Amino acid sequence: MPESALEPALRPQRDAQRTRAAILAAAQDAFSIRGYSDTGVREITAAAGVNPALVSRYFGSKEKLYEAALSDLLRAGIITELRKENFGVAVVDLLTTSQGPQRNPLPMMMLASADPTARAISDRLLKELFVEPLARWYGPERGAGKAACFSALASGLTLYRELYPLGAFGAEMSAETRKWLAAAFQALID
C-alpha cells in the first residue's frame with residue numbers, strides 16, 4: 001500500500017498527540033506562573049489554542065491535567081544522568097539557565113501548595129518520581145538523606161530565584177555564589 005494512503009489515517013493520531021502536548025505545555029506554563037488555584041481550564045486551552053472540552057477528553061479533569069503536567073516535569077533522570085565528577089556545577093547550571101521548553105517543576109509545586117488536592121498530588125509525585133529514584137541513585141548509604149538535602153537546596157534556590165527573587169540568585173549571580181552552590185550540591189556526591 002502506498003505510504004500516502006496511510007497518511008490520512010495517521011494524521012488524527014498525530015494531531016491528538018500534538019493537541020495533548022500543547023495542552024500539557026500550556027498547563028505547565030500557567031501552573032508555574034499563576035498556580036493551581038488561580039489557573040482555569042479555559043485559560044490553559046486558550047493558550048494552547050484548543051477547545052476546553054479537550055481537557056476532559058485527554059485528561060479527565062483539571063486535577064488530572066495538573067498531575068500529568070507535573071509528572072511530565074518530575075524526572076529524576078534529568079539529575080541522575082549527570083556525571084558525578086562535575087555534578088554540583090551541572091546542577092547549578094541546570095537550575096539557573098534556561099533549558100529550552102523544559103520547565104523547572106518546583107515553582108509549579110510551590111504555587112500549588114495552598115490547594116489541598118494539588119498539594120497531595122505534588123507530594124505523591126515528588127516522592128515517587130523524584131526523591132525515591134534520586135535516593136536509589138545516591139545509594140543505600142544515606143541515599144534518602146542526601147535526596148532530602150538535594151531537594152531542600154534546590155527548592156531554596158528556586159524559591160529565591162523565581163518566586164521571591166533575591167538579587168544574589170538572579171541572572172547576574174556572582175561566581176562566588178555559583179561556586180558555593182556547586183560545592184554544596186557536589187558534597188552530596190563526594
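Contact here means heavy atoms within 4.5 Å. Keep that in mind for what follows. The model on the screen is a predicted one.

I start with Ala-48. This residue sits in helix α2, which covers residues 41–48. Leaving aside residues up to four places away in sequence, Ala-48 touches Ala-22, Ile-23 and Ala-26. Take Leu-24 as well: 24 residues separate Leu-24 from Ala-48 along the chain, and their C-alpha atoms are 8.5 Å apart.

Next, a pair of helices. Two packed helices are described by the angle between their axes and the distance between the axes. Helix α4, residues 62–73, packs against helix α8, residues 116–138, at an angle of about 30°, and the axes are 10 Å apart. Angles under 35 degrees count as roughly parallel, so α4 is roughly parallel to α8. The crossing of α4 past α8 is right-handed.

Which residues meet there? From α4 come Glu-63, Tyr-66, Glu-67, Leu-70 and Ser-71, and from α8 come Thr-117, Ala-118, Ile-121, Ser-122, Arg-124, Leu-125 and Leu-129. By class, that contact has six nonpolar, three polar and three charged residues.

Last, the second largest pocket. Its space comes to about 160 Å³. The lining consists of Met-109, Met-110, Ser-113, Arg-119, Ser-122, Asp-123 and Leu-126. Which element gives the most? That is α8, with four residues. Sorted by class, the lining has three nonpolar, two polar and two charged residues.

Terms used: Residues numbered from 1 in each chain as written. Predicted model: local features only at pLDDT ≥ 70, side-chain atom pairs only at ≥ 80, totals over all residues. Heavy atoms only, no water. Axes fitted to C-alpha atoms, helices over the stretch in contact; angles between N-to-C directions. Helix = DSSP H or I, 4+ residues; strand = E, 2+ residues; numbered from the N terminus. Parallel < 35°, antiparallel > 145°, perpendicular 65-115°, else oblique. Left-handed = near helix turned anticlockwise from the far one by under 90°. Nonpolar A, V, L, I, M, F, W, Y, C, P; charged D, E, K, R; others polar. 1 Å grid on protein atoms, 1.4 Å probe; cavity = no way out; pocket = protein on both sides within 12 Å on 5 of 7 lines; lining within 4 Å. Points joined across faces, edges and corners; volume = space filled by probe spheres on them.
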